[in-house]
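Visitor: Please walk me through the structure below, one question at a time.

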Amino acid sequence: MINFIKIKKIIDKRGTLISIEHNKLPFKIKRTYILNKMPKNISRGGHAHKKLSQIIICLSGKIRFFFSNGHGVKNRKYLIMSPNTNAIYLKPGIWRELKNLDKQSVIMVLASDNYKENDYIRNYKEFLNYKKN
Ligand code: TYD
């Protein structure tokens with residue numbers, strides 16, 4: 001349901017350098033957005049996309065993700081992301097929610113298209129119906 005992508009990190013005593021070469025990614029990046037300053041225990045997400053592909057990278061902190069492809073309980077996945085976790089490659093048609101577990105959390109999302117509200121499914125029942133068709 002989700003795939004992982006290894007992001008190059010160059011670690012030395014001066015810190016960590018993270019390098020993302022766009023031509024090595026599975027789709028063309030049109031947009032980057034960042035979530036930070038999230039209160040601890042806050043939930044975000046709660047939607048799926050019809051066409052958008054995304055790569056989620058945790059830069060700091062700890063976040064619990066929930067994913068579902070809409071095909072029953074066996075197709076649900078919980079995952080704790082931290083900077084040690086590989087990036088997540090999220091194809092279209094996957095419901096995602098996150099719960100922030102640390103007040104220092106920062107995530108960066110690389111997306112295949114500009115922000116388009118009509119690409120969102122924000123209601124879980126609607127998502128399940130959408131996946132049936
Ligand atoms: P929202 O979808 O509620 O965020 P989340 O999925 O993290 O809970 O988005 C919050 C607002 O930001 C909403 O009005 C849409 C807007 N937005 C943009 O303008 N551009 C973007 O790239 C994104 C992701 C959201």
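Visitor: How many nonpolar, polar and charged residues does the shell around the ligand have?

Guide: Happy to start there, with a note on the source: this is a predicted model, where local features need pLDDT of at least 70, side-chain atom pairs count only at pLDDT 80 or more, and totals for chains, interfaces and linings use all residues. Residues are numbered from 1 along each chain as its sequence is written, and side-chain values use heavy atoms, with hydrogens and water left out. Surrounding the ligand are Arg31, Tyr33, Arg44, Gly45, His47, Tyr115, Tyr120 and Arg122, where a residue is near a molecule if one of its heavy atoms lies within 4 Å of it. With Tyr among the nonpolar types, Arg among the charged ones and Gly among the polar ones, the shell has three nonpolar, two polar and three charged residues.

Visitor: Which element gives the largest share of that shell?

Guide: Elements here are DSSP runs numbered from the N terminus, with helices (H or I) of at least four residues and strands (E) of at least two. The largest share, three residues, comes from strand E5.

Visitor: How much of the ligand's area does the protein bury?

Guide: Let's begin with the polar contacts, pairs of N or O atoms within 3.5 Å. An N or O atom in the side chain of Arg31 is 2.5 Å from a ligand oxygen, while Arg44 has a polar side-chain atom 2.9 Å from an oxygen of the ligand, and Arg122 likewise has one 2.9 Å from a ligand oxygen. Of the 540 Å² that the ligand exposes when taken alone (Shrake-Rupley method, 1.4 Å probe), the protein buries 58%.

Visitor: Why is strand E7 described as largely enclosed by the rest of the structure?

Guide: E7 (residues 63–68) pairs with E8 (residues 76–81) in the antiparallel sense over six bridges, and six bridges also join E7 to antiparallel E10 (residues 95–100). Buried means under 20% relative accessible area, exposed over 50%, and partly exposed in between (1.4 Å probe, protein chains only). E7 is largely enclosed because, of its six residues, the number buried is five.

Visitor: What is the bridge partner of Ile63 in E10?

Guide: On the E8 side, Arg64 has Ile80 as its bridge partner. Turning to E10, Phe67 stands opposite Arg96, and the bridge partner of Ile63 is Asn100.

Visitor: Is Lys37 buried or exposed?

Guide: Lys37 lies in the loop between E4 and E5, and its phi is near 50 degrees, a positive value in a residue other than glycine. Asn41 lies in the loop between E4 and E5 too, with a positive phi near 75 degrees, and is partly exposed, with a relative accessible area of 46%. Lys37 has 75% relative accessibility, so it counts as exposed.

Visitor: How far apart in space are His22 and Leu110, C-alpha to C-alpha?

Guide: His22 is found in the loop between E3 (15–19) and E4, and at 43% relative accessibility it counts as partly exposed. In sequence, His22 and Leu110 are 88 residues apart. In space, their C-alpha to C-alpha distance is 9.9 Å.

Terms used
Pairing = 2+ DSSP bridges. Polar contact = N/O pair within 3.5 Å; in protein donor to acceptor, adjacent residues only side chain to side chain.
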